[in-house]
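Please work through the exercises below with the sequence and the structure at hand. Each task is followed by a solution that goes step by step.

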Amino acid sequence: VPCLLVRADSSPRPFLFWMHGRTADKELDPGRYLRYVRHGINVCAVDLPGHGARFDASRQDARQSLEVVLQMASEIDGVLEGLALLGDFDLQRAAIGGMSAGGMAAIQRLLQPHSFRAAVLEATAGNLDAMRDLPFCAGLSKEELSDINPMENLHQWKDIPVMAFHSRHDAWIPYLGQETFIQSLKDKSAHSED
């Protein structure tokens, strides 16, 4: 998996594992990365399958997005293993995040056992029912969508701090898909504290 590594220095640091959105690449957010590094947080930004250094135009089609998201989620642990060998990315102080399709990959990965301490979700959705009529979910049966819909698999979610940003005017990722997911995470967290 092609990675862009941005380091504050060579000492072990907390870091953000960042994934871009569809049709973008890992170099898209240099301002974001520099802001993190100025605060002592390293960044590992990766290219989604079919994007950036592993460009494949067919994988950037909206109808391929779900496959890209699921593949990326399955590749994260391999990248983390590589980062552990470097010594300056502290896996016990890692956050995961992404924008749009990258955020969906982050959410998918967070439904499995992990050691991430926080998540940053930008212009993304954890409730795929809100996307049922979009090319993203094209061809999926209700059962297939249910199996991979984070909203229906919250029992697998480990409570960690989540920072989420979205726009009500997003034409690609419906705001409702994130709003209902974040509210469900809040409800789940409140019930676990009882």
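**Exercise 1. Find how much space lies in the largest pocket and which residues are closest to its centre.**

Step 1: The largest pocket holds about 250 Å³ of space, where a pocket is an open set of points on a 1 Å grid over the protein atoms alone, with protein on both sides within 12 Å along at least five of seven lines, and a volume is the space filled by probe spheres set on the points.
Step 2: Its lining counts 18 residues, and Arg-22, Ser-65, Ser-100, Trp-172 and Ile-173 are the closest to the centre; a lining residue has an atom within 4 Å of a point.
Step 3: By class, this lining has 13 nonpolar, 4 polar and 1 charged residues, with Ala, Val, Leu, Ile, Met, Phe, Trp, Tyr, Cys and Pro taken as nonpolar, Asp, Glu, Lys and Arg as charged, and the others, Gly among them, as polar.

The model is predicted, so local features need pLDDT of at least 70 and side-chain atom pairs pLDDT 80 or more, while totals for chains, interfaces and linings use all residues. Residues are numbered from 1 along each chain as its sequence is written, and side-chain values use heavy atoms, without hydrogens and water.

**Exercise 2. Describe the lining of the largest cavity.**

Step 1: There is 1 cavity of 30 Å³ or more, a cavity being a set of points where a 1.4 Å probe fits but cannot get out.
Step 2: The largest cavity, with about 30 Å³ of space, is lined by Leu-66, Val-69, Met-104, Gln-108, Ala-125, Leu-128, Phe-136 and Pro-150.

**Exercise 3. State the order of the strands in the open sheet and which strands stand at its edges.**

Step 1: The 6 strands follow the order E1-E3-E2-E4-E5-E6, with mixed pairing; two strands pair if DSSP finds at least two bridges between them.

How values were computed:
Helices (H or I, at least four residues) and strands (E, at least two) are DSSP runs, numbered from the N terminus.
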